[in-house]
Amino acid sequence: MRKNIAVFFVVILYSLQSFAQEKFGPTPTKEQLAWHDKEFYLFMHFGPNTFTDLEWGHGSEDPNVFNPTAIDCNQWASIAKAAGAKGIIITAKHHDGFCLWPSKYSKHTVRESKWMDGKGDVLKMLSEACKKQGIEMGVYISPWDRNHPDYGTPKYNEVYINTMKELLTGYGKFFELWWDGANGEGPNGKKQVYDFTRFKDSALAYQPQLVIFSDIGPHVRWVGNENGIIGETNWNLLDTAGFKRGEGAPPNDTLNRGNYNGKNWIGAEADVSIRKGWFFHPGEDNTVKSGATLFDLYLKSVGRGGNMILNVPPNRAGLISSVDSAALMEFKKIRDLAFSNNEFKGAKILKTKDAIEIHLAKEVSINTLVLSEKISFGQRVVSFKITGGTDLKKMDPIVSATTIGHKRILQFPTQKLKYFRIQFTGYKAIPIIDDIKAYFVP
Ligand code: FUL
């Protein structure tokens, strides 16, 4: 009889499991999955603005203002690596149109500057450094261009595609292409009708593994703020039909949380600068965020199922300043310490359709939980609550939350417990949780 009951339960569990293993709703491509796993990487704003103290260059700057005296991309890449960042995305061209490589399609580039006698190429230096350090690289290529004479005419679309082609065929593989939505031309300024469909098709023809970021993707979306914070509820789903990049994008709070029933898988990437400006400005060293502040932002981005892109702008020497690198190392130390000892390791895990119970061999003190959904099968969990205790019959409420997605990190007052239960209170399809870890974070 006992044996029969056991067989019965195994059959039920098995069928729930196999039912659950069907994909549900929009799912990420393999490139998007790889992107989710990167979690944290650096952004670098570098160009004439670094030297002119501007955030948006006018495009009429003398190219000679670009003159880093001790540039060392190996320093950038080795600091990124040591900080645990998976890559670097560089402003190959910002709104001023200045190209950090000697583009054939512009007369406003490193070639026109005296830097390295016009023979320098930041993209080449950085791509070699990233390869050497074993990290990846991506490019920001501003659609808005305040320098190019063709900007504002259909010809500019051709120029932009050629520019992308140079970058995407000349420096090895990139993991991400960044399209910001800015256009500060104002009502009487130039009006460019961008051919984003062609931009996308061309970029993917040169590098099919790329994920493309913009307000509305196609692959990765902006989170509606530049503070590095994703919504506590975060769907990797977004409706893009009828929306545009920049003005005409979905409302910021939609970008921040995604659409519950969105038709496309478009993950959230939280951008934020380690210091006040996107570009380096002398006098802003005192605005560098501490390791603890960066960790808090990590919890509010990676810990809410998205990625964190942290801008660390090189200074006028062409180096990451020591204050910034110290903060990055502190941030890494905090992460390492926080996630070093998984208290659920070796625990007995019992799963049912809508709950997971964890039975520990002995009592532990924890205050942090890390959960992951198997997003290749779709994002399913709508809400869940957690209870725990030292006696299975007396489980106290600990914390409730909504979405999980790629990763959910929850913090709560320290609890001493032996039993732990995650109850899914809302889900679109049977939850598939592929990782549960718990920590005591000092
Ligand atoms: C914005 C730009 O206007 C800022 O200068 C900066 O590059 C930021 C990351 O994106 O759209």
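1. A salt bridge here means a side-chain nitrogen of Lys or Arg within 4 Å of a carboxyl oxygen of Asp or Glu. On accessibility, buried is under 20% relative accessible area, exposed is over 50%, and partly exposed is in between (1.4 Å probe, protein chains only). K300 comes out partly exposed at 25%, and D296 is partly exposed too, at 33%.

2. Some housekeeping. This is a predicted model, where local features need pLDDT of at least 70 and side-chain atom pairs count only at pLDDT 80 or more, while totals for chains, interfaces and linings use all residues. Residues are numbered from 1 along each chain as its sequence is written, and side-chain values use heavy atoms, with hydrogens and water left out.

3. The salt-bridge count comes to 16. One of them pairs D324 with R275, closest N and O atoms 2.7 Å apart. D324 sits in helix 10 (residues 322-338) and R275 in the loop between strand 9 (267-273) and helix 9 (291-299), so the pair ties together parts 49 residues apart in sequence. Helices (H or I, at least four residues) and strands (E, at least two) are DSSP runs, numbered from the N terminus. D324 is buried at 0%, and R275 is buried at 1%.

4. Another pair is K38 with E136, at 3.3 Å between the closest N and O atoms. Distant parts of the chain are linked here: K38 is in helix 2 (residues 30-38) and E136 in strand 3 (residues 136-141), 98 residues apart. K38 is buried, at 11%, whereas E136 is partly exposed, at 37%.

5. Now the domains, whose bounds come from an automatic or database domain assignment. Domain 1 is 16-25 + 341-439 and domain 2 is 39-338. Their centres, taken over C-alpha atoms, are 35 Å apart. Contact (heavy atoms within 4.5 Å) involves 17 residues of domain 1 and 17 residues of domain 2.

6. How much area is buried between domain 1 and domain 2? About 1,400 Å², with carbon and sulfur atoms giving 51%; buried area is the accessible area (1.4 Å probe) that two parts lose on being put together, summed over both. In domain 1, Q379, I409 and K428 lose the most area to domain 2, together 36% of what that side buries.

7. Across that interface the rule finds 1 salt bridge. K407 also forms a salt bridge with E39, closest N and O atoms 3.0 Å apart.
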